[in-house]
Every structure is written in C-alpha cells, then in structure tokens.
Amino acid sequence: MDKIKKQKRIPIELGVFLLVIFGFLVVAWRSSESEPTFDEKKVREVDAIWYGDGQPQGVDSLPEVFDCDEEGTTNVYTTISEEWLEQGNTICFRASQEAVQIWIDGTLMLEQGNREFTILGEAPSSGWVMLRLPADSVGKELRIELSSPYENYQGLLNKVYIGTKAALLFFIMHTYGLGFALAVLLIIMSVILLLFYLLFWARKLSGYQFFLLAVFGLLAGVWMLGESYMLQFFTGKLQAWYMITMVALHLLPLPLLKMVERLPDYTYWRVCRNSRYFLMLYLILLILLQATEVRDFMQMLNVSLVILFVVCVGSLFLIYWEFFYNKNKQILPMITAISAFSVFACLELAQSLINIQRPLGMYLQIGVLAFYIILCIFSIHNTFNLYVKGLKSEYYKQLSYMDQMTGCMNRRAFTEREDSWVPGGTDVLLMIDLNDLKQINDVMGHHVGDVYIKKCSDAILDIFGKLGDCYRMGGDEFLFWGTGVPEEKLEKLEEELRSRVQEACKDISSVCGVASGHAAATPEDRSVEEILKRADEKMYENKRYVKM
C-alpha cells in the first residue's frame, strides 16, 4: 500500500530530466532557421468587377449577396482578364448550401450540387468548387449560376481565389487543417476511452463515465469534421456528411446531460433527464419532417439552435447554482470543464460579432476540446483513486482472512466459503490435528509450541496449498478444502504430511506429529457441516491409532 501512495508523487530527478529535455527543445526551435514551406502565397483573391443579372452596378469585393429570382437562383458574371492566368489557371470558391453551374462564354464547364429534394432534404450541401480555366479563356465571360432553396444563402457568392490547383489545396489545408486535426484528435481520444470502457465492462468494473465521455467526444468530433471544410479531401458524399453533422449536433447534448444527471448528490437531475427525453423526441420529430418532405434540418436549424441554446444555458445555470448556492463541492470537475469552455465560447462570440459571416471559429473548437480533456483528466484521476481504494480494500480484506502466524486462511474465511457452498460438487475436506501441542506448551513453553505450529503449517501449505485452500480452524486444528482431488492421491499426501512433520519437528520432541482424516462430498450432503463431521471422525480414528 505504501508503494501505491508513492506513485502519486513525481520524483525530483524525473522533473529535472523532463525540464532539461523541454529546455533543449525550446532552444533548438528558437535557434533553427526558417526553411521554405509549401508555397500557398501564389493563391490570390480574384481581382474583378462582379455583376448580377438586373444589377448594372458591379461590386469589386466578395463575399456579396446578389439579387435572385423567385426560385432562389442568381447569375453572377465577370470577364476573365489576362492577369488571372498570370496568377494561376484554376479558380476556387466555397459554395454555401448552393448548387453551382459555371459557364464560360455560354459553354457549361462545371455543374456541382443536387437540385432535387431527396431524403437528404433540399440542401445541396456546402463544398469547394474548383474549375481549371482553358488557356484561351482570356476576354471571355465567366458566369456563375448559384441556386439555393434557403433564403439565408440565396444569391451569396463567397470569395473567389485563383492559383494553381496544388497551391489552392495547400491554402485550404493551411487555413482549415487545424480544425480538422482537432476533430481527428477528439475522435482518437474517444476511441481510446471507449476501449477503456470495454475493458472495465469485461472486468465487471464501473466505467460508465468513460462510455459517456467517449460518445460525447465521437459526436463532437463528427460535428467538427463536418465544420472543418476539409471533407472533400476524403469523400464526395457531402450531402450525406451534412446530414451526419446535423444529427451529431442534435445528439451532442444527450451524453453531456446524462453526465450532469449522474453528478454526485446533484439536486436537479430530473431536469436533466426530462431535457434528454425532450431532445430525443425533438430529433425524432425532425427526422419525420425530413422524411415526409415537410421541413428539412436546414429549414429547422434556427429553431434547433434556439432549443439547444436554452437547454445548454439552463443546464449551465443549474450547475453553477448547485455548486455555489447548494454548496455541492463534489461537482467541481464539471464546473472547471464548463468554465474553461465558457471562456472560449465568449471569445468565439466576440469574434463572431466582429465578423458575422465567418464560419465556425477555432475558439469554439478549442473550447470543446478543452472541456473534453478536463473531464477526461478528472475521470481518469477518480478512476485511479477508486482503483487504489479497491486495492487497499482487497488488501485489508485478505488480512482479515489471514492467520498471521501460519499464513493459512482463518476460520472467518472458512465460514464465508461455507455460507456460499452449493451441494452436488466434488469438494473434499481434510481435517488435520497437531499431536500433544498442550503438552509441549506446558513442558517446553509456548514459544516452542509456536515453532511446532509454524513448522506444521509450512508443511501443510507446501503439500496442499496448490490443490486448494488451507485453513487454521483453531489452536492446533487445520483444514484443507479441495475440489476434485482423488481419494488415493489424498491418502498419499496425508502420509507425506505425517513424515514431513516428524522430520521437521524431531528436534523439538518425539511426540510431535499430526493426525488427519478426510471426507468427500456426496449427493446426499446438504451442508458442509455433514462432510466436516465425517472428516473429523476419521481424524480422531487416526489419532487413536497413532497413540496406540
């Protein structure tokens, strides 16, 4: 147990070792010269005047919202200049919930995005649009047709970039790669936690907190993947991924509410449970609306965000109220994690107020990751403490079952096993009694009697210990309890025990020795006491025979 306690403290020499390595790496980083990196600087925003149908006044900067017709379609056009091809041969922009067609001088060059309602809804999804310009396109009209079923996205043309295809890809990776990496990291951590939970489950230990954290991390990771703008590097099924992202977003609060519901002595756990049921019913309603083509996820997104916001803010208020007003200090880990997330959420909100058209920011993603890591650290720490307590409990339990003098198990351990005994087995009981222990105590002293007992118990453990359990039932009485030991083998082991004890104790007294008797369980036995009685009778028979 002392070793377990010492593991909690980091040795000074280990701290110095890590400090030296960290200092060396910092110096190496600062001393290193900057080498050329992948050149994404060749990516430029297209320098052009953009016009919309029915809008004679052009605009020279994007993003911009252009007028659209009754079907939510807009046409934006400009003229390809020679400067474009000097900067690169590929144009690229982000289509936000828009189907796209690109025409050059009346010729359809690219079509991207679904325009028909399916089970995935009307959403054409969001994705990167890339088109390589023909070498002879200078001076020709570039026309971009954008179509969206959603009013918030109709007529929106995001920034258009130009460069080589490789430079554009590196630009996207550099701009949005960190968010993708955070999402992958979150998923990997969640899989590891899920493996921890399966290990705990296999060993029948409590690890439900790991399961909830793993589910929350997987859902958050999937949601962040969908917001990373990087999925086109791996799949073209953007509509399906959009739907997966929306479902993950609606499922995200469920494991979190369950974790809050299971907080120690939490007063408002029923509120969390009812909130979970409400969100589950709401998600089912959304799926029904989607499948019946009444309303899809995107059309209900504002309602969903309001509901999620109210549930999250309400739960947050109750948690803080529980901690500060109800003085429940046991929920400190959740308070710490939520506070860390709130800081990043406030930074994200401030950034969004400055630029309302920006996508999901890095602050919110880092906040989710910080929240997750803090809860993981506390959960692992608590699990380790419970494991140490379990080791201590098991250690002290073993001590309470152990006879300190002989190393055999005591009568308390025998009684516990006797209480759980089930008839019909192949149990064998062997009673062992030390000869003339009282005489040796009276004549030679109790210290010599103790040596006699210890030598006998050593022989019993050495001969029978591998076949079953050995108990010290009283001062000079021992018991072996085995299962499936043949009678012939048991008789040979009894003879071996008698000769071993006589040899080991011959320097104490010639009267030293043991008497023994065994009995096997029968189908008629209804208790261990019946078997023990037969073994006891045989032992006393053996004792009378020895003394004759």
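User: What pLDDT does the chain average, and what share of the residues score at least 70?

Analyst: This is a predicted model, and pLDDT is the predictor's confidence in each residue, from 0 to 100. Here the chain averages 85. A score of at least 70 is reached by 91% of the residues.

User: Where is the pLDDT below 50?

Analyst: Residues 1-8 are one such stretch. Beyond near neighbours in sequence, that stretch has 9 contacts in the model. Residues 355-360 also stay under 50. For them the model has 10 contacts beyond four places in sequence.

User: Now the sheet. What is the order of its strands?

Analyst: Start with the general idea. Strands of a sheet pair through backbone hydrogen bonds, either parallel or antiparallel. In this model, 6 strands form an open sheet with antiparallel pairing, in the order β3-β2-β5-β10-β7-β8. At the edges are β3 (55-59) and β8 (107-112), each pairing on one side only. From one strand to the next, the twist averages 25°.

User: How many bridges join β10 to β5, and how many join β10 to β7?

Analyst: Strand β5 (residues 73-79) runs antiparallel to β10 and is joined to it by 7 bridges. Strand β7 (residues 99-104) is also antiparallel to β10, with 6 bridges. Leu146 is the bridge partner of Thr74. Leu146 is also the bridge partner of Val100. Further along, Ile144 in β10 stands opposite Ile102.

User: Is β10 mostly covered or mostly open?

Analyst: Mostly covered: 6 of its 7 residues are buried. Take Ser147, which lies in β10 (residues 141-147). The cut-off for buried is under 20% relative accessible area. Ser147 has 15% relative accessibility, so it counts as buried.

User: What does the side chain of Ser147 make a polar contact with?

Analyst: With the side chain of Thr73, at 3.3 Å. For contrast, look along the chain to Phe378. Ser147 and Phe378 are 231 residues apart in sequence, and their C-alpha atoms are 49 Å apart in space.

User: Where does Ser96 lie, and is it buried or exposed?

Analyst: Ser96 lies in the loop between β6 (90-95) and β7. Ser96 counts as buried because its relative accessibility is 12%. Its side chain joins that of Asn158 in a polar contact of 3.1 Å. Leaving out residues up to four places away in sequence, Ser96 touches Ser126, Tyr153, Leu156 and Asn158.

User: On to helices. What span should helix α2 have at 1.5 Å a residue?

Analyst: The check compares an expected span with the distance between the end C-alpha atoms. Helix α2 (residues 12-31) has 20 residues and should span 28 Å. Its end C-alpha atoms are 29 Å apart, which agrees.

Conventions: Residues are numbered from 1 along each chain as its sequence is written. This is a predicted model: local features need pLDDT of at least 70, side-chain atom pairs count only at pLDDT 80 or more; totals for chains, interfaces and linings use all residues. Side-chain values use heavy atoms; hydrogens and water are left out. Helices (H or I, at least four residues) and strands (E, at least two) are DSSP runs, numbered from the N terminus. Buried means under 20% relative accessible area, exposed over 50%, partly exposed in between (1.4 Å probe, protein chains only). A polar contact is a pair of N or O atoms within 3.5 Å; within protein, one must be able to donate a hydrogen and the other to accept it, and residues adjacent in sequence count only if both atoms are side-chain atoms. Two strands pair if DSSP finds at least two bridges between them. Axes are lines fitted to C-alpha atoms, for helices over the stretch in contact, and angles run from 0 to 180 degrees between N-to-C directions. Contact means heavy atoms within 4.5 Å. The expected span of a helix is 1.5 Å times one less than its number of residues.
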